[in-house]
Each structure stands twice: as C-alpha cells, then as structure tokens.
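Please keep the sequence and the three-dimensional structure in view while reading.

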Amino acid sequence: MVYNKDYTVRICRKETISAALPLQEHWLSLSNLDLLLPPLDVGVFFIYTKPPLELKQSFSSSFSSLVNVLKTSLAKSLVIYYPFAGEIVNNSMGEPELRCNNRGVEFIEAFGDAEIIELDFYDADQSFERKLVPKKKDGVLTIQATEMKCGGMVIGCTFDHRVADAYSFNMFLLSWSETSLGKPISTIPSFRRSLLSPRRPPHSEASLDRLYIPVSQLPPPTAPSSNIINRIYYVTAANINRLQQKAVSSQSTKLEAFTAYLWKLVGRAAGRKQRTHMGVVVDGRRRLGLLAMMDAYFGNVLSIPYASATDVEEMEMSEIAERVHTLVAEAAREEHFKGLVDWVEVRRPEAAVAKVYVEEGLSVVVSSGRGFPVGAVEFGWGKPLFGSYHFAWNGNAGYVMPMPSVKGNGDWMVYAHLSTELVGILEADGIFHPITAHYLGLN
C-alpha cells in the first residue's frame with residue numbers, strides 16, 4: 001500500500017457555534033483535581049466512510065448537509081455541556097477558573113486532498129496531527145469536520161484537559177451523537193464541585209508527597225525531545241489474554257498485565273543504568289463512595305500513581321504485574337482521592353503536577369481508554385470506521401492509551417506517544433501491530 005503522507009488540508013470555513021438557548025453568564029470553579037492539570041490540550045478523532053446510498057433516500061448526503069447536522073446538534077448539546085462553550089480565565093489568586101459565557105466553540109470546515117484508504121493510520125504524526133486534529137487557539141473546545149476526496153469525513157476535536165478528562169469528554173461525545181439522532185440524552189452531566197470539596201481540617205497520606213510535586217520544587221525544565229513520535233497500533237484479543245496469563249496472579253487485570261509487559265519493554269530500552277518509571281492513570285469516580293452522583297460528574301477525577309525500577313527487564317512478568325497491581329490498588333481507594341483533594345488544598349494557590357512526568361530517567365504513563373465509545377459516536381450516516389484519542393503533548397514522558405477496537409472483537413487499539421527507540425523495541429516484539437487499511441477492512 002502506498003500512503004499519501006504529503007496530502008494537504010484546506011480550511012474552507014470557520015465559525016463559532018454557541019449554545020442553542022441563551023445561557024446566564026457565571027463562573028465555574030475548577031476542582032482541586034482539575035488544578036493538578038497544566039494547560040494541556042487533548043485531541044480525539046473519528047473517521048467515517050462515504051454515507052451509503054440508501055441514506056440518500058432519507059436526507060441529502062452532501063458534505064454541507066452532514067456538517068449542518070453536526071452544527072445543529074452541537075448547539076443543542078452545548079446547552080447542557082455549557083463549559084465547552086466557555087473560556088479559562090485566571091482569578092485574582094492566579095488560579096484558572098471557567099467563565100461560562102457561551103463564547104462558543106470554534107467549528108472548522110475543511111477539505112483533505114486524499115482518500116481515506118490512502119491515510120497511514122499507524123503514523124499519527126503524518127496523517128492526523130495538525131491536519132485532521134485541529135489546533136485549539138482559544139476557548140475550551142475546537143472541532144474540525146474534514147471532507148476527504150473519497151466522500152468520507154473525519155471529525156477531529158481538541159479540548160482543554162483542565163476542564164474535562166476523557167471520561168467527561170466521552171459523555172459529551174455520546175450526548176452529541178444522541179442529539180443528532182433525535183434520541184434523549186442518556187447522561188446529564190453533574191458540575192457539583194462540592195462532591196470534591198476538601199475536608200476540614202484537610203489531611204492526606206504521606207505517599208502523596210512522592211506522587212505529586214509543587215511547581216516551585218520542579219527541576220529546571222529540559223527542552224522537548226525531538227525523537228518523540230506518535231503511533232497507533234492494534235493488539236489482538238488473543239495476545240491480551242496471553243499477557244494476562246503470563247502475569248500469573250489472578251488479581252491482575254488485562255490492563256495491569258499489559259502495563260507490566262510494556263514496563264518490561266521500557267526497561268529493555270533503558271538498559272541497566274537508566275531508571276524507569278511506570279505510571280497508571282486511575283479514575284476515582286467509583287472510589288469515592290458516591291457512585292450515584294459521581295457517575296455523571298464532569299471534570300477531572302484522576303490520580304497517577306507510579307513505581308520505579310532499574311532492573312525491570314530482568315524481572316519475571318509475574319513480579320512486574322504484582323508491582324503494577326499494588327500501585328493501582330493503593331490509589332484505587334476513597335481515602336487516596338479525598339487525601340489528594342486535601343493535599344492540593346493546603347498548597348493552593350501554588351500549582352502542582354504529577355511527579356512521574358518530571359522524574360529523571362525513562363517515564364511512561366498508561367491511561368485506560370477502554371471506555372472510549374468508538375463504535376457509538378454516530379450522527380446518522382453510519383458508525384465510524386476508526387477513532388482514537390490523540391495526546392501529542394510536548395513532554396518527554398511517554399504516554400500510552402489502549403482503547404477498544406471498533407471491530408468489537410476484543411482487540412485493542414493502542415495510541416502511543418513514545419521515543420523512536422522505544423517504538424522500535426515495541427514493534428520488534430511482535431505484540432504491537434501497526435494499524436492498516438487492511439485491518440480496518442478497506443482493502
């Protein structure tokens with residue numbers, strides 16, 4: 001297959017989409033867990049093939065008509081998900097707050113001079129970055145709808161991570177999809193910051209001092225590495241099951257076994273002299289004892305515990321998996337998250353960050369995207385052919401997100417933001433397979 005890596009995208013139109021109903025301007029504070037996020041944008045995209053012929057009987061399948069569906073349903077969705085139509089502004093203490101003023105979402109219409117089958121799905125840098133996934137300049141959310149030469153469409157979104165985590169954005173995506181299909185919204189988001197209020201008096205476990213660091217204590221910043229690349233793979237269900245079997249421990253989840261395997265490969269890249277650090281993003285919604293209310297909570301409810309080692313390549317998979325399970329279990333507790341809220345509170349207004357991102361040595365963070373609704377985000381012209389989160393940040397730490405395959409067969413899509421050396425080791429090991437048009441059923 002010859003890929004068109006030099007294709008261009010032409011911006012045809014830009015406009016601002018505001019909520020369909022008037023909204024009273026107000027301020028929404030960021031929670032203490034939101035404040036742990038630096039200014040950081042996250043991307044996500046979905047690829048749709050040309051609408052089937054039978055749809056032409058029910059509505060016009062021209063690109064303009066499809067875009068009108070997107071914009072109309074987006075405006076309706078922003079009535080409920082109004083933070084995405086706002087902007088981040090610093091308050092008198094220098095902390096970011098969300099101004100809910102219905103300034104709107106930038107919506108870009110574009111044309112890509114390539115067919116979907118010509119895209120190199122594996123090479124996210126060449127195919128998606130700054131082409132099909134837009135760069136957000138202002139506001140909280142930017143959306144781009146790109147018509148491809150074959151009549152297909154790519155919908156790319158970029159949002160401010162300080163406002164929402166992936167769980168929250170997934171809720172929005174599903175609501176946007178439901179609105180476009182004329183269905184009732186299944187989940188009404190909760191913006192109750194009181195659910196994450198600090199205790200009086202605040203108190204936290206000493207372990208949090210190892211996991212998080214105030215920005216005043218950060219080492220001097222280093223220049224972003226030039227050898228960090230973004231790739232997308234698939235891992236078969238059979239290989240995922242084999243990794244879990246290798247973990248031996250019945251306690252290890254598939255994600256923990258996958259993380260242990262990845263850590264072993266990181267150790268191979270680092271060698272014996274360089275220290276490695278493996279972090280796992282833990283969602284706290286189901287840990288806080290308020291499941292009925294937290295299940296629809298909009299915002300960041302994340303912690304990133306991590307462990308370190310210099311000899312991880314020489315360790316057995318079962319031992320590594322046990323370490324991963326332990327670090328996840330330590331964070332997956334109500335006290336951990338309540339303590340983290342308190343830890344931030346006593347240090348405000350000074351900002352703090354997860355320490356794994358600034359450790360010396362080779363760091364990688366794994367974030368579960370298994371709740372990514374890739375097969376459910378449809379707007380009336382069929383399910384996506386493919387979709388992925390896109391986290392091309394400027395840091396030197398690696399970031400890996402496994403997501404369910406759109407095939408629904410138990411395979412995982414794996415987005416990887418890693419060094420070229422580590423990518424080479426991953427690809428030589430036989431578990432990570434580049435996403436191809438053939439895998440997606442295009443040829």
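Phenylalanine 258 is buried, with a relative accessible area of 1%; buried means under 20% relative accessible area, exposed over 50%, and partly exposed in between, with a 1.4 Å probe and protein chains only. This is a predicted model, in which local features need pLDDT of at least 70 and side-chain atom pairs count only at pLDDT 80 or more, while totals for chains, interfaces and linings use all residues. Residues are numbered from 1 along each chain as its sequence is written, and side-chain values use heavy atoms, with hydrogens and water left out.

**Aromatic pairs**

- The whole structure holds 29 aromatic pairs; rings of Phe, Tyr and Trp (its six-membered ring) pair if their centres lie within 6.5 Å, and planes under 30 degrees apart count as stacked, over 60 as edge-to-face and the rest as tilted.
- The rings of tyrosine 48 and tryptophan 381 form an edge-to-face pair, because their centres are 6.3 Å apart and their planes stand at 75 degrees.
- Tyrosine 48 belongs to strand S3 and tryptophan 381 to the loop between strand S15 (362-367) and S16, so this pair ties together parts that are 333 residues apart in sequence; helices (H or I, at least four residues) and strands (E, at least two) are DSSP runs, numbered from the N terminus.
- Tyrosine 48 is buried at 1% relative accessibility, and tryptophan 381 is buried at 4%.
- Phenylalanine 258 and tryptophan 412 are also edge-to-face, because their ring centres lie 5.6 Å apart with planes at 70 degrees.
- Phenylalanine 258 is in helix H6 (residues 254-270) and tryptophan 412 in strand S18 (residues 412-419), so that the pair links distant parts of the chain, 154 residues apart.
- Tryptophan 412 counts as buried, at 7% relative accessibility.
- A cluster linked by ring pairs includes Tyr48, Phe159, Trp176 and Trp381.

**Charges over rings**

- The charged end of lysine 407 sits over the ring of tyrosine 439, 3.8 Å from its centre; the criterion is NZ of Lys or CZ of Arg within 6 Å of the ring centre and within 35 degrees of the ring normal.
- Arginine 231 lies over the face of tyrosine 122, 5.2 Å from the ring centre.

**The six-stranded sheet**

- Six strands form an open sheet of mixed pairing in the order S1-S6-S7-S8-S3-S16; two strands pair if DSSP finds at least two bridges between them.
- Strand S1 (9-17) and strand S16 (386-390) are the edges, each with a single partner strand, so one side of each has no neighbour in the sheet.
- From one strand to the next, the twist averages 15 degrees; axes are lines fitted to C-alpha atoms, for helices over the stretch in contact, and angles run from 0 to 180 degrees between N-to-C directions.
- Strands S7 (residues 141-148) and S8 (residues 153-160) run antiparallel and are joined by seven bridges.
- Isoleucine 143 has cysteine 157 in S8 as its bridge partner.
- Helix H1 (residues 63-80) packs on the sheet, touching S1, strand S6 (105-112), S7 and S8, and its direction makes about 165 degrees with that of S6; contact means heavy atoms within 4.5 Å.
- Helix H3 (residues 166-180) lies across strand S3 (41-48), S7, S8 and S16, at about 140 degrees to S8.

**The three-stranded sheet**

- Three strands form an open sheet in the order S2-S5-S4, with antiparallel pairing.
- Strand S2 (26-29) and strand S4 (87-90) are the edge strands, each pairing on one side only.
- The twist here averages 40 degrees from one strand to the next.
- Four bridges pair S4 with strand S5 (residues 96-100), and asparagine 90 stands opposite proline 96 in S5.

**Cysteines**

- The count of disulfides is zero, a disulfide being a pair of cysteine sulfur atoms within 2.5 Å.
- Cysteine 100 is in no disulfide, and the nearest cysteine sulfur, that of cysteine 157, is 19 Å away.
- Cysteine 157 is likewise in no disulfide, with the nearest cysteine sulfur, that of cysteine 12, 18 Å away.
- Cysteine 100 is buried at 4% relative accessible area, and cysteine 157 is buried at 0%.

**Backbone features**

- Most residues other than glycine have a negative phi, and most peptide bonds are trans.
- The peptide bond from arginine 200 to proline 201 is cis, with omega near -5 degrees.
- Another cis peptide bond joins arginine 348 and proline 349, with omega about 10 degrees.
- Arginine 130 has a positive phi, near 60 degrees, and is exposed at 56% relative accessible area.
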